[in-house]
Structures are given as structure tokens and as C-alpha cells.
Amino acid sequence: AESGRLLNRHGTARALVHLTRTWTPAVAPAAADLPGVRAAVVVGADDRLIARDRQVARGEALHAEIHVLPGVGHAPHEQVPDAVAGLIGAFVETSAR
């Protein structure tokens with residue numbers, strides 16, 4: 001209920017859209033410099049909050065496995081949990097070798 005009231009405040013939606021389009025996590029460049037650390041990035045091809053090219057670029061900066069799921073939006077783990085679980089399982093399996 002509280003979040004609903006906050007979203008209804010003038011300018012909040014615009015600020016959230018701006019944040020999601022411009023925010024870059026500070027930890028990603030540092031993680032890319034850690035030898036032996038593997039990463040996987042799973043993104044929805046139809047994400048309307050964060051541009052796919054920004055997400056793919058972040059994955060490339062991490063030297064990550066990048067998985068772009070067609071027909072999926074901003075929350076792949078909620079929209080296609082079995083597919084995401086399969087990708088995570090395969091990633092963990094190959095990381096353990």
C-alpha cells in the first residue's frame with residue numbers, strides 16, 4: 001500500500017524511469033578485474049525498463065555468459081523461472097569443473 005502511494009506522487013514514475021535507464025552498478029567493473037570469477041547475465045529481450053544493449057554491455061564488461069531470453073521482460077526469474085533455473089544450474093555445473 002505504501003509503495004502505491006509513493007508511485008502516485010508527482011514525478012516519481014519519471015524519476016524511476018530515469019534511474020533505471022542511467023544507473024550503472026559500481027561493483028561490475030571491480031568484479032571484471034577479479035581473476036577466476038565467472039558470471040552469468042540473464043536478461044529479457046523485451047525488457048522495457050533497462051535497454052538490452054546496456055545489459056549486454058554490462059555482461060561483456062564482466063566477461064560473463066550472456067543469455068537473452070526472447071519474449072521475456074524485466075523479470076526473467078519471475079516470468080520464466082524454469083528457464084532461469086536451468087541456466088543457473090548449467091552455469092553452476094560448468095563452474096564446478
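I started with confidence: the mean pLDDT (the predictor's confidence in each residue, from 0 to 100) of the chain is 81, and 79% of its residues reach 70 or more. I noted that this is a predicted model, where local features need pLDDT of at least 70 and side-chain atom pairs count only at 80 or more, while totals for chains, interfaces and linings use all residues. Residues are numbered from 1 along each chain as its sequence is written, and side-chain values use heavy atoms, with hydrogens and water left out.

Next I looked up the layout. I found six helices and two strands (DSSP runs, H or I of at least four residues for helices and E of at least two for strands, numbered from the N terminus). Their order from the N terminus is α-α-α-β-α-β-α-α.

Then I turned to Asp47. Where does Asp47 sit? I found Asp47 in the loop between strand E1 (40-44) and helix H4 (52-61). Asp47 is buried (under 20% relative accessible area, 1.4 Å probe, protein chains only), yet has no salt bridge (a side-chain nitrogen of Lys or Arg within 4 Å of a carboxyl oxygen of Asp or Glu). The nearest side chain of opposite charge is Arg48, 7.3 Å away.

Which side chain makes a polar contact with the side chain of Asp47? I found His74, at 2.7 Å (a pair of N or O atoms within 3.5 Å, one able to donate a hydrogen and the other to accept it; residues adjacent in sequence count only if both atoms are side-chain atoms). I also saw the backbone nitrogen of Ile50 at 3.1 Å from a polar atom of the Asp47 side chain.

Terms used
Buried means under 20% relative accessible area, exposed over 50%, partly exposed in between (1.4 Å probe, protein chains only). Lys and Arg count as positive and Asp and Glu as negative; His and the chain ends are not counted.
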